Amino acid sequence: MKLFRIRGGVHPDDRKALAAGRPIEDLPLPALLHIPLQQHIGAAAQPVVERRQQVAKGELLARAQGMISAPIHAPTSGRVVGLGYYPANHPSGLSVRTITLQPDGEDRWHDDIRGVGDPFGLESDEVAQRVAAAGVVGMGGATFPSAVKLNLRSRYQLHTLVINGSECEPYLTCDDRLMRESSDAVLDGVRLMAHALGVSRIIIGIEGNKPEALAAMGAAAAAFGAVRVVKLPTRYPMGSEKHLVQTLTGRETPARGLTADIGVVVHNPATAFAVHEAVRFGRPLVSRVVTVTGAAVAEPRNLRVPIGTKVEDLVAHCGGFTEEPERLISGGPMMGQPLRELRVPIMKGSNGVLALTRAETNRREPSPCIRCASCVSACPCGLVPLDLAAHTRIGDLDGAVSRGLMDCIGCGSCAYVCPAHIPLVQYFNYAKGEMAARGRAKQKQAETKRLAEQRSERLEAQKRAKREAMAKAKAKRDAEAKAKAAAEAEAVG
Amino acid sequence: MIAAIFILTALGLALGALLGVASRFLKVEESALTGEVEALLPGSQCGQCGFPGCAPAAAAVANGEAPVTLCPPGGRALAESLATLLGVSVDLSAVEDKAPMIAHIHERLCIGCTKCLKRCPTDAIIGANDQVHAVFEDACTGCEKCWEVCPTECIEMRPATQTVQNWVWPVPEFA
């Protein structure tokens with residue numbers, strides 16, 4: 001298959017050998033699970049359980065709220081011991097609403113968990129509906145509710161489903177291991193998603209540094225003519241969905257648009273696996289594969305982890321740290337977020353836990369920009385990162401936006417190549433966050449204005465109603481007085 | 001007696017007619033700019049700027065009698081948009097750094113007097129007689145009207161609660 005070139009990108013040392021040889025193993029049930037209500041993009045889920053309630057594995061804990069949301073299910077059987085706030089797996093370190101579950105050790109599935117014998121006989125809407133009910137979200141890290149993407153059929157002309165098995169982030173091996181060990185299940189999930197989307201063309205893209213995964217998926221796909229397994233060049237950020245689609249089809253996604261605009265939907269292999277579990281067996285998304293790696297980890301491993309397990313339980317299972325890690329990261333080293341503490345839980349979108357040593361982080365003090373333009377040639381989006389950062393630094397966010405800030409995917413290629421070690425991505429994250437905050441402030445202003453207007457209208461209406469009531473009462477009194485006077489006159493007369 | 005009534009009535013009618021005619025023919029066109037400025041202002045009539053409401057404040061800004069930075073609830077974003085609208089340059093460093101404040105009711109001290117919720121210009125306080133009141137953060141503009149009237153001083157003006165949804169990355173510390 002002909003592949004197309006994308007611009008920019010970098011070739012970081014992939015360091016996948018640390019964990020790639022370790023088969024996926026189940027993490028023993030931890031003592032407590034902390035399950036956040038917001039593990040996806042969109043509205044947080046609404047709890048439907050109470051404290052001290054006994055729940056079975058796969059039972060609904062919180063239901064989806066609104067159009068873009070996802071339900072949350074019990075990762076194991078046990079007792080709900082708390083509905084409160086717990087530190088989030090988020091760079092802010094703030095606490096979020098969380099359900100705390102104490103496992104009873106039985107790991108007993110709920111009685112209503114039932115699969116479908118012939119899922120390809122289902123209507124495509126029904127597949128999407130089952131995926132939605134299972135709480136499946138994009139497991140590559142973006143955590144967009146998968147069912148919403150499977151329903152794009154009604155609004156877009158779709159022709160291709162692309163499976164993003166590139167796993168271009170260094171260190172991470174969870175998708176690689178999943179494709180090697182469960183290739184048939186992943187392929188089944190892929191075909192179910194294609195069925196839901198109503199597309200016949202399926203492309204599974206896997207980077208060339210994962211030959212075993214390529215072979216396993218190729219063997220599994222051999223029986224199905226519509227599925228093509230494609231070896232992608234190893235280059236970061238091949239896993240950015242817009243760049244992946246451009247590599248495979250030669251077509252560029254419009255700025256701030258969706259890949260669906262050009263007829264393509266992209267899903268992750270771990271999501272495909274979750275769809276397979278959800279539709280075939282009726283099992284909701286309650287666990288995921290996480291790579292625990294980095295030179296500071298005693299024994300890097302790939303673990304199947306119940307959602308809500310504390311990161312420290314994973315680290316302990318991997319033998320702890322051999323030395324004090326310089327940096328802890330949730331996700332990959334390029335786009336992952338710093339972990340402030342080890343007690344935060346694993347969520348649906350957590351694909352890795354990295355403990356990096358001083359030698360690995362290679363942190364240096366930033367120095368002034370020398371305008372070498374290394375970042376310009378590395379940027380896969382055709383932006384000028386040094387210019388964006390300069391505008392952001394002086395507070396000219398509108399200038400940064402007009403130079404394409406919103407087209408930045410935050411891949412970190414620019415910061416990776418910067419010889420001055422300028423934290424470019426943090427500038428862009430700050431600027432994007434600040435623009436979003438301004439948007440929220442503007443919306444709040446419009447809303448409070450509406451509220452103030454409604455209030456003054458209401459007060460006016462109340463005043464008017466009072467006046468009218470008084471006038472009516474007066475008229476009534478007058479009429480009565482008149483009638484009385486007339487009656488008296490009559491009586492006298 | 002009748003003469004006095006007649007004179008006063010005639011005077012009233014004549015002066016009223018004069019006023020009516022004057023308002024029709026000597027009408028001062030309100031500048032379109034005032035309307036545009038007013039559309040940008042929050043419209044909660046909170047009076048923090050020192051003007052009795054948003055309309056007089058808008059008129060003052062449009063006539064250049066008040067700075068574009070007058071509105072505390074609007075904050076920096078409003079000052080910026082007003083400056084672009086009026087084409088004036090403004091030193092925004094002075095405006096910023098006052099994080100938007102939100103009223104918070106200490107439930108232990110609230111006696112349920114409903115004084116605050118009657119004054120709230122955006123209906124951001126929920127409550128009833130002898131019931132503990134609470135503030136909807138999303139609707140509060142931080143105008144401090146409730147804060148002034150609380151008989152038990154149980155309302156505190158605080159910066160808005162930080163959540164994962166409104167948290168943003170800080171700007172890198174670097175020369």
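## Packing of helices α2 and α8 in chain A

In this predicted model, helix α2 (residues 124-133) of chain A packs against helix α8 (residues 269-281) of chain A at an angle of about 105°, and their axes are 9 Å apart. Helices here are DSSP runs of H or I with at least four residues, strands are runs of E with at least two, and both are numbered from the N terminus; axes are lines fitted to C-alpha atoms, for helices over the stretch in contact, with angles running from 0 to 180 degrees between N-to-C directions. α2(A) is therefore roughly perpendicular to α8(A), on a scale in which angles under 35 degrees count as roughly parallel, over 145 as roughly antiparallel, 65 to 115 as roughly perpendicular and the rest as oblique.

From α2(A), the residues A:V127, A:R130 and A:V131 meet A:V275, A:A278 and A:V279 of α8(A), where two residues are in contact if their C-beta atoms, placed from the backbone, lie within 7 Å. By class, the residues of this contact between α2(A) and α8(A) are five nonpolar, no polar and one charged; Ala, Val, Leu, Ile, Met, Phe, Trp, Tyr, Cys and Pro count as nonpolar, Asp, Glu, Lys and Arg as charged, and the others, Gly among them, as polar.

## Basis of the description

Residues are numbered from 1 along each chain as its sequence is written, while chains are lettered from A and ligands numbered from 1 in the order in which they are written. Because the model is predicted, local features need pLDDT of at least 70 and side-chain atom pairs count only at pLDDT 80 or more, whereas totals for chains, interfaces and linings use all residues.

## Chain A as a whole

Chain A contains 15 helices and 17 strands, and its C-alpha atoms fill a box of roughly 120 × 60 × 50 Å along the principal axes. Of its 493 residues, 49% count as buried, a residue being buried if 20 or more other C-beta atoms lie within 10 Å of its own, exposed if 12 or fewer, and partly exposed in between, with C-beta atoms placed from the backbone. Among the contacts in chain A with a separation of 6 or more, 73% are accounted for by residues 24 or more positions apart.

Chain A is divided into domain 1 (17-28 + 125-289) and domain 2 (366-493), with bounds that come from an automatic or database domain assignment. The C-alpha centres of these two domains of chain A lie 37 Å apart, and six residues of domain 1 are in contact with six residues of domain 2. On the domain 1 side, the residues touching domain 2 are three nonpolar, two polar and one charged.

## Two open sheets in chain A

Four strands of chain A form an open sheet in the order β11-β10-β9-β12, with parallel pairing; two strands pair if DSSP finds at least two bridges between them. β11 and β12 (264-267) of chain A stand at the edges with a single partner strand each, so one side of each is left without a neighbour in the sheet. The twist in this sheet averages 25° from one strand to the next. Strand β10 (residues 201-207) of chain A pairs with β11(A) over six bridges in the parallel sense, and the bridge partner of A:G205 in β11(A) is A:V230.

Another open sheet of chain A is formed by three strands in the order β3-β5-β6, with antiparallel pairing. Its edge strands are β3 (46-47) and β6 (72-73) of chain A, each of which pairs on one side only. Two bridges join β3(A) to the antiparallel strand β5 (residues 60-63) of chain A, and A:P47 has A:A62 in β5(A) as its bridge partner.

## Contact with chain B

Between the chains, 26 residues of chain A are in contact with 24 residues of chain B. Helix α15 (residues 424-492) of chain A supplies 19 residues, the largest share of the side of chain A that touches chain B. That side of chain A divides into eleven nonpolar, seven polar and eight charged residues.

## Local backbone features

A cis peptide bond, with omega of about -5°, joins A:Y236 and A:P237; A:P237 is found in the loop between β11 (227-232) and α7 (241-249) of chain A.

A:A373, although not a glycine, has a positive phi of about 70° and lies in the loop between α10 (358-361) and α11 (374-378) of chain A. A:A373 counts as partly exposed because 13 C-beta neighbours lie inside 10 Å. In chain B, B:D130 is a residue other than glycine with a positive phi near 60°, placed in the loop between β2 (125-126) and β3 (134-135) of chain B. B:D130 counts as exposed, with 9 C-beta neighbours inside 10 Å.
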